[in-house]
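My entries follow in the order I made them.

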Amino acid sequence: MKYDAVLVLDFGGQYCHLIARRVREHGVYSEIVPHDIKVENIKKLDEKFNVKGLILSGGPASVFESGAPRLDPEILNIGLPVLGLCYGHQLIAYMAGGKVGPARKREYGATYVIIDRPAGVLKGLNRREKVWMSHGDTVFSVPSDYEILAHTESSPVAAFKHREKPIYGLQWHPEVVHTEKGMQMIGNFLFEVCGCEANWKMEDVIEKMIEEIRIEVGNGKAIIALSGGIDSSVATVLAAEAIGNKLTAVFVDHGFMREKEPEFVRRVFQGFNLNLVMVDAKERFMKRLKGIADPETKRKIIGEEFIRVFEEVAEKTGAEYLIQGTIYPDRIESGFRRFSDKIKTHHNVAGLPTRIRFKKVIEPLRDLYKDEVRKVALALGLPKELVYRQPFPGPGLAVRVIGELTEEKVEIARKADRIVREEIEKSGIKDRLWQYFAVLTDTKSTGVKGDTRAYGYVVAIRIVESREAMTASFARIPYKLLERISSRITNEISEVSRVVYDVTHKPPATIEWE
């Protein structure tokens, strides 16, 4: 069965991935594609999915500036419903011959919009609605074959629709939670305008992923990179179901693991129907990373060394395929699309070396977000201690130690990480948190311990709340809890003289520091 799907055209907006998430939350599959996708490429995707509509994301450009991203005009004539948001809204109006220009008064943040006609995307809305705006340009007029659906004091055309075609534009961002009825608006587009069916179900996804692995591997053998995190664990269980004893799970201890991580992995997976290989590679990884401070270089070295270890195991077991737990945000941040920006290289995506000795790398989770992976894990019956584990980067503590790595610095980071986790988990607030960890900075600071001068490292604490890791907010945790964490770190780790708390959201920051 093919899923009904909506394509999100990426014009570089910070909320592009939230649009895709909100569509999926309605039970409709979404895929992010380049903004200049051609009609023939949409038709190719339609062979895989039932493409029922297109959403044009926001973006930082002005539609009338030189080099601004454009839409293939033919897309507006193929009969698919189109919804333009912010920049996408302005672009449709501009291409149709409407007037777009700098707003007399820019709108950023919560704004009240007047709904002149609650039709289509705006069906069921009140006369006055609270929405989230973030724009400097605005649409002042549209041609006669379009009609205005809403306005604000500063935006005379805050929403419009084509009189004959299913083409809509909204100046605001319905995908952002601050737009109070944003989910209703997106739902209207999906079900009222596009006629989608909510047939994106996790139960179907599981069977599809298992079948994909079975077909890809065929009569061959495979190894899977098992880190103990939720992504690789789910991929391992799926692969074990698909190919049974033709699978070898490889856990590589690169020396940058959390405390007692290898023991945890062995305990959880020794009962599964697979061959489990534990590789102690601490010395070789540290040797390769000696003198390296740049985080991108670290990630690429770690990615390459992982592959070399997997190749060695594959040679012994006769495996021809490598399976990984790569998920959608990994691909997004690594700049897997032609027009996307590379935020950071993920060791299992862009960090892979160009030459590898595997027939193919299989990534069954490549289209899922983290919370969707957790739903799959629960459906597969994985233990909750694994399902709700703290996300942990593949390079591990190597990217939580800023600057050059040494065994001493990694051990400091490991101890600080343990203290943070212990205190958060004792406090009873861990269920509302997405991630909590310590970062060993490359800064030293003067302190006082036992009436004498201490000159030690600065540790930063990072604790965030999130739904899918595409955006995150720093957690406003109780000061007494922060005090306990700080006191324990400075008392129990003699090399640390100062602890700071990171109060930066994502964006502009990422969740991890490197």
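I started at Lys260, in the loop between strand S11 (247-253) and helix H7 (261-269). Helices (H or I, at least four residues) and strands (E, at least two) are DSSP runs, numbered from the N terminus. The model is predicted, so I note that local features need pLDDT of at least 70, side-chain atom pairs count only at pLDDT 80 or more, and totals for chains, interfaces and linings use all residues. Residues are numbered from 1 along each chain as its sequence is written, and side-chain values use heavy atoms, with hydrogens and water left out.

Lys260 has a phi near 65°, positive in a residue other than glycine. I looked up its accessibility: Lys260 is exposed, at 61% relative accessibility. Buried means under 20% relative accessible area, exposed over 50%, and partly exposed in between (1.4 Å probe, protein chains only).

Next I checked Cys86, in the loop between strand S4 (82-85) and H3. Cys86 is not a glycine, yet its phi is positive, about 55°. Is Cys86 buried or exposed? Cys86 has a relative accessible area of 5%, so I logged Cys86 as buried. Most residues other than glycine have a negative phi.

The buried ones are Tyr87, Gly88, His89, Gln90, Leu91, Ile92 and Ala93. Just after H3 I found Gly97 with a positive phi of about 100°.

I found Asp4 in strand S1 (residues 4-10). Asp4 counts as buried, at 7% relative accessibility. Which residues does Asp4 touch, not counting residues up to four places away in sequence? I listed Val28, Tyr29, Asn50, Lys52, Gly195, Cys196, Glu197 and Asn199. Contact means heavy atoms within 4.5 Å.

The side chain of Asp4 makes a polar contact with the side chain of Asn50, at 3.3 Å. The Asp4 side chain also reaches the backbone nitrogen of Glu197 at 2.7 Å. A polar contact is a pair of N or O atoms within 3.5 Å; within protein, one must be able to donate a hydrogen and the other to accept it, and residues adjacent in sequence count only if both atoms are side-chain atoms. I also took a C-alpha separation: Asp4 and Leu190 are 186 residues apart along the chain, and their C-alpha atoms are separated by 9.8 Å.

Entry four: Lys282. Lys282 sits in helix H8 (residues 282-289). I logged Lys282 as partly exposed, at 35% relative accessibility. Leaving out residues up to four places away in sequence, Lys282 touches Asp253, His254 and Gly255.

I took helix H5 (residues 202-217) against H11 and read an angle of about 80°, with the axes 10 Å apart. H5 is therefore roughly perpendicular to H11; that class runs from 65 to 115 degrees. Met202, Ile206 and Met209 of H5 meet Glu372, Lys375, Val376 and Ala379 of H11.

I then turned to helix H6 (residues 230-243) and helix H11 (residues 370-379), which pack at about 40° with axes 10 Å apart. The crossing of H6 and H11 is left-handed.

Terms used
Axes fitted to C-alpha atoms, helices over the stretch in contact; angles between N-to-C directions. Left-handed = near helix turned anticlockwise from the far one by under 90°. Parallel < 35°, antiparallel > 145°, perpendicular 65-115°, else oblique.
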